[in-house]
Amino acid sequence: MHLNFTHLRTNHYWLTNAHVPYPLLVGYNLHQEHELAHVDLEIQQGTITQIRPHGTPIADDVPAVNLNRGQVWSGFVDMHTHLDKGHIWQRSPNRSGTFQEALQLIHSDSEKNWDAEDVYRRMEFGLKCSYAHGTTAIRTHIDSAGNQGNISFRVFKTLQAEWSDRLTLQAVCLVPIDYFQTPEGEKLADLVAETGGILGAVLFMNDNLDAQIDRVFQLAAERQLKLDFHTDESGNPNDITLRRVAHAVLRHNFGSQVVCGHCCSLAVQSSDDMFKTLEAVKQANIGIVSLPMCNLYLQDRNQDASQHFAPLSPPVKRFPTQTPRWRGITLIHELKHAGVPVAVASDNCRDPFYGYGDHDVLEVFTQATRIAHFDAPLSDWCRTVTTIPADLMGLPTVGRIGVGLPADLVLFKARYFSELLARPQSDRVVLRSGQPIDTTLPDYSELDDLLIR
């Protein structure tokens, strides 16, 4: 993007002739017929001090950058990632692409390689990518069984401190739900509380599920922790752990925020079951995070019998590989219409669960638009990667644009959504506290000594 910031050398200037998505604006009530507000923004000392309709006269002695109707977004919020798993594809590739092989590869790779240096450098690589792309806040799930929890949470706390002036970081422990039935599970809850984290687990259907969920809620209530679960990451219509979590919220009268990610099986359930879950989730005030890229990649792999996929139409003849029959994502539209807050996020990057990705939330939003039909119409879907995840993370000044808020912005040459979503926007300008940052991405070779042996 050819925007001349070099001549500014000042903490007071205007961004003029900008297109800002209306849902990102706070306290700006001028009615316009279009989905983009045409405005000028004044920035002083890293803060947005005025937002005016474009064309309002401004002082001649204040520098200005004409954006030529390019879009301005708030910084992104990526609230479901796995930074500790990231960027190990080169040494642990998932050749079948199945969920089951991904689990096995992560287990073996962590056993062999996940010491503090390995985890630190890969997590830091992910943070560098996220920051360069314009992300301002990240929540990462951290594999936490056994001593790995101590190693990885210690690394997380180090990175959280080192990046505190650039990124807001939150951590969620990740273990199977039954882990919290053990003394080790209680110790993990203590570790999460000590490090200011969020209690989390992977839920799977079993005869003791309600008791397992109750135990997690008890541990969280005793330590005043929020909860963030992996639920129903399958195509099995009998997987209803999301609904069971919602019932537990109501049963415990749990007051802290609860978030559930994936929720894929909701998309293959009957209408009656779907409406029961929607009603319970809404009543329990649960936030939902869909991971469209990773679940598109993983779900409905024909080799993965453990997932019990129920394709829309069974294949006539079995071939060595099979075209997926569904997209693997949850019912994002239906949840939104039911009044449930829904975000989308990156999930895994370049690991056995997802072989691609670059921690770029714009890519997540672009692909979600295509996969989940956010363009029917686009309306306020931009909130799924900004204000909604910020609210679920408890960050009231993040993911929105308004007077008095930090000038943490992402500037695009693209003027309209059709332009924004057509190209990767590699020439974007990222402002932090009103100043452009270096958006050079880290070179993959930085990790060669860890991955190529």
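In the predicted model, four strands form an open sheet in the order β6-β16-β17-β18 with antiparallel pairing; strands (E, at least two residues) and helices (H or I, at least four residues) are DSSP runs numbered from the N terminus, and two strands pair if DSSP finds at least two bridges between them. The edge strands, each pairing on one side only, are β6 (72-74) and β18 (435-436). Strand β17 (residues 429-432) runs antiparallel to β18 and is joined to it by two bridges, with R432 opposite Q435. Residues are numbered from 1 along each chain as its sequence is written. Local features require pLDDT of at least 70 and side-chain atom pairs pLDDT 80 or more, whereas totals for chains, interfaces and linings use all residues, and side-chain values use heavy atoms, without hydrogens and water.

Parallel pairing is found between strand β8 (residues 135-143) and β9, over seven bridges; here R139 stands opposite Q170. Together with helix α3 (residues 147-162), these strands make a right-handed β-α-β unit, the path from the first strand over the helix to the second running clockwise when the strands point away from the viewer. In β9 (residues 168-174), six of the seven residues are buried (under 20% relative accessible area, 1.4 Å probe, protein chains only).

Note on methods. Buried means under 20% relative accessible area, exposed over 50%, partly exposed in between (1.4 Å probe, protein chains only).
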